[in-house]
Amino acid sequence: MHPIIEGIIQAINLILTGDREVFSIAALSLYVSVVGTLLACTWSIPAAIALALRNFHGKRILKGLFNAFIGIPTVALGLYLYLLLSRAGPLGYFQLLYTPNAIIIGQSALVTPIIVSFATGALESVDPDLRTLARTLGASDRQTYNVVIKEAFWGLVLAILAAFNRAFAELGVAMMLGGNIRGLTRVLTTAISLETARGDIALSIALSFILLGMVMSLSIAINLARKTSQ
Amino acid sequence: MNRSAITKLQASLLIIVIVCGIAAGVYAYYSMSAPPARTRLIVSTTTSLYETGFLDALKTKFELKYPNMNVSFISQGTGLAIQTAMRGDADMLLVHAPSQELPFLKGGYGVNRKIVAYNFFVIVGPSEDPAGIKGKSPSDAFKAIRSAGLNGTAIWVSRGDNSGTYTKEVSLWRAAGLDIKQLRTESWYLEAGSGMTATLKLANEKRGYTLSDSASYILNFNNHNIDLVEVVGASKSMLNVYSAIADDPRNANMTKTNFEGSMQFIRYLVSDEGQQLFADYAVSQDGKPAFGPYLKLLQTKNDPLGNDPTQLIQWISDYAFFEGSECPQQFRYQAEGLYSTQAPVPVLLVSTAAGVEQRKAIACIQSSRA
């Protein structure tokens, strides 16, 4: 019991005194996950709109695929991207492995199925009568989409939030593509894993507090905003 | 539903996203621009070396001397570290498994191997010593651990991960006349499959024996991570030798690797300053060094770990040399000055005019020989 309490006290101390190492790790974590998620949004949201609001061949299969890939193990994805990005691999020319950009690419691939599936669900749950109504009032395709997207706005936000949380809290991709290099690719999850193995429990606890704090406060903030809007 | 309220909220959310984006952008700009045009050097290394914290100290000193260099360490077990280098994902190796290093050189992956430091492996276990191995020779100790294991009184925890420490463990079991394949099927033999500190902690929880490099053991013992004690210590068969190897830039996988940087780093490791760093690095409060610097040992005939230096030099040659050399002639490439002297190489030799002259001279000699 004693070392745990000691660890917690040291951890709080590290956070309150603004320990440089702790905060640079947290900042890098935030950076790669935000950029990774936003990057994924640029193709996932249009894909979700197409899946929800258009009719085409193979739509069901595609939706099923995205659903299936939500739970892809991060180490499996990490392995495939590692083989791709490795200097001996097909994308080796760009020398991306063991850089923050590699983690961003990995995380954006990881969260793509989450955003697509959740956003498709949110868009589909909008009352179909609304679309018919917009049409009868003489709205164009684009205008109809705008109406539906506005209605499904909070669903889309939640999809993106879920994606961000997944990216922020995953370990496999960051470890395999980033390599956990101090000051360059060490993010919260890889640092916690290393420091626990290394026996620096106080630092691990401090980092885990930041990780938990950010994930939870973000969820609470979004939920509050959503409630006040309704 | 109040439409204007949603729009306001949407607007504020958009602002949050933009602020996040700007923050990320500023951070990106800051982090990219902070180290101006530094050359990256990726060193694939072992967990046991990394976890002692020595490499962080080494990085700081090296980058102070060469501000244009940025050293990154990827810490993995030696087996994995070598594979990472084979794929060209690291520029050089810093590892401790001579039997795995030779195939790396022979396969045309590495050149210019240099032995840089040494220490010993130790068998650690609970202070009650249930197998009664204290003071025994390593091979007797291993036999005793197995029979105690079969009786259900002792547990062995293995790294089980193809690391340098595991390679050593396998060779020690073999020397004791035991077959590792058989042992792995027995219930007293556990495989951790992770780094040195994690394995030590597992052994500590299970009250088992394990094999560790002395530096990792002392560090964890002093951090109160573990209370296992050293039961079998330094001897010839427990020797642990660290070597640096540069990727061979002529290998198809490795044409983009940073050969210049690797050689600069290897030369630094064997320089007076680099060797002194090894000598000065202590992981225990009593100031006992964690590593013995190999080139200093040759030069001063003095072992900071307290062994007979002449005997120790012989042990290292027997254990870690290939064909009577730390790096046979055919595995050397643009290594002028690196092997000419057994004393530490002065760092300033790197890419000076004299170095170029020497390079030409050596090239001449080599071509005339051919």
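Here are some worked exercises on a predicted model with chains A and B.

## Exercise 1: Follow one helix

Find helix H8 of chain A, compare its reach with the expected one, and list its buried residues.

*Solution.* 
- Step 1. Locate H8(A) at residues 153–169, which makes 17 residues.
- Step 2. From its first C-alpha to its last, H8(A) reaches 24 Å, close to the 24 Å expected at 1.5 Å a residue.
- Step 3. Go through the helix for burial. The buried residues include A:Trp154, A:Gly155, A:Leu156, A:Ala159 and A:Ile160. Further along H8(A), A:Ala162, A:Ala163, A:Phe164, A:Ala167 and A:Phe168 are buried too.

## Exercise 2: Into the nonpolar core

Which residues of the largest nonpolar core touch the most other members?

*Solution.* 
- Step 1. The core holds 157 residues, and those touching the most other members are A:Ile115, A:Ala159, A:Ala163, A:Leu177 and A:Leu207.
- Step 2. Ask which element gives the most to this core: helix H2 of chain A (residues 20–53) does, with 14 residues.
- Step 3. Zoom in on A:Ile115. Leaving out residues up to four places away in sequence, A:Ile115 touches A:Ala40, A:Cys41, A:Ser44, A:Ile45 and A:Ala48, along with A:Ala159, A:Ile160 and A:Ala163.

## Exercise 3: Chain B and its domains

Describe the make-up of chain B, then say how its two domains meet.

*Solution.* 
- Step 1. Chain B has 15 helices and 10 strands, and 45% of its 370 residues count as buried.
- Step 2. The domain assignment gives domain 1 (39–119 + 239–369) and domain 2 (120–238).
- Step 3. The C-alpha centres of the two domains lie 28 Å apart. Their contact takes 24 residues from domain 1 and 21 residues from domain 2.
- Step 4. On the domain 1 side, helices H2 (47–51), H4 (78–86) and H5 (98–106) and strand S9 (239–247) each give two or more residues.
- Step 5. Sort that side of domain 1 by class: eight nonpolar, 15 polar and one charged.

## Exercise 4: An enclosed strand

Why is strand S9 of chain B described as largely enclosed, and which strands pair with it?

*Solution.* 
- Step 1. Nine of the nine residues of S9(B) are buried, so S9(B) is largely enclosed by the rest of the structure.
- Step 2. Strand S3 of chain B (residues 92–95) pairs with S9(B) in the antiparallel sense over four bridges. Here B:Val95 has B:Ser243 as its bridge partner.
- Step 3. Strand S4 of chain B (residues 110–125) also runs antiparallel to S9(B), joined by eight bridges. In S9(B), B:Ala246 stands opposite B:Val111.

## Exercise 5: One residue in its setting

Is B:Gln76 buried or exposed?

*Solution.* 
- Step 1. Count its neighbours. B:Gln76 is buried because 23 other C-beta atoms lie within 10 Å, and the cut-off for burial is 20 or more.
- Step 2. Beyond residues up to four places away in sequence, B:Gln76 touches B:Ser44, B:Thr47, B:Ala81 and B:Thr84.

## Exercise 6: Where the chains meet

How many residues of each chain are in contact, and which elements of chain B take part?

*Solution.* 
- Step 1. The contact joins 28 residues of chain B with 22 residues of chain A.
- Step 2. Helix H1 (3–33), strand S2 (69–76) and helix H9 (196–206) of chain B each supply at least two residues to the side that touches chain A.
- Step 3. H1(B) provides the largest share of that side, 10 residues.
- Step 4. By class, this side of chain B has 12 nonpolar, 11 polar and five charged residues.

Conventions
Residues are numbered from 1 along each chain as its sequence is written. Chains are lettered from A and ligands numbered from 1 in the order in which they are written. This is a predicted model: local features need pLDDT of at least 70, side-chain atom pairs count only at pLDDT 80 or more; totals for chains, interfaces and linings use all residues. Two residues are in contact if their C-beta atoms, placed from the backbone, lie within 7 Å. Ala, Val, Leu, Ile, Met, Phe, Trp, Tyr, Cys and Pro count as nonpolar, Asp, Glu, Lys and Arg as charged, and the others, Gly among them, as polar. The expected span of a helix is 1.5 Å times one less than its number of residues. A residue is buried if 20 or more other C-beta atoms lie within 10 Å of its own, exposed if 12 or fewer, and partly exposed in between; C-beta atoms are placed from the backbone. A nonpolar core is a set of buried Ala, Val, Leu, Ile, Met, Phe, Trp, Tyr and Cys residues joined through C-beta atoms within 7 Å. Domain bounds come from an automatic or database domain assignment. Two strands pair if DSSP finds at least two bridges between them.
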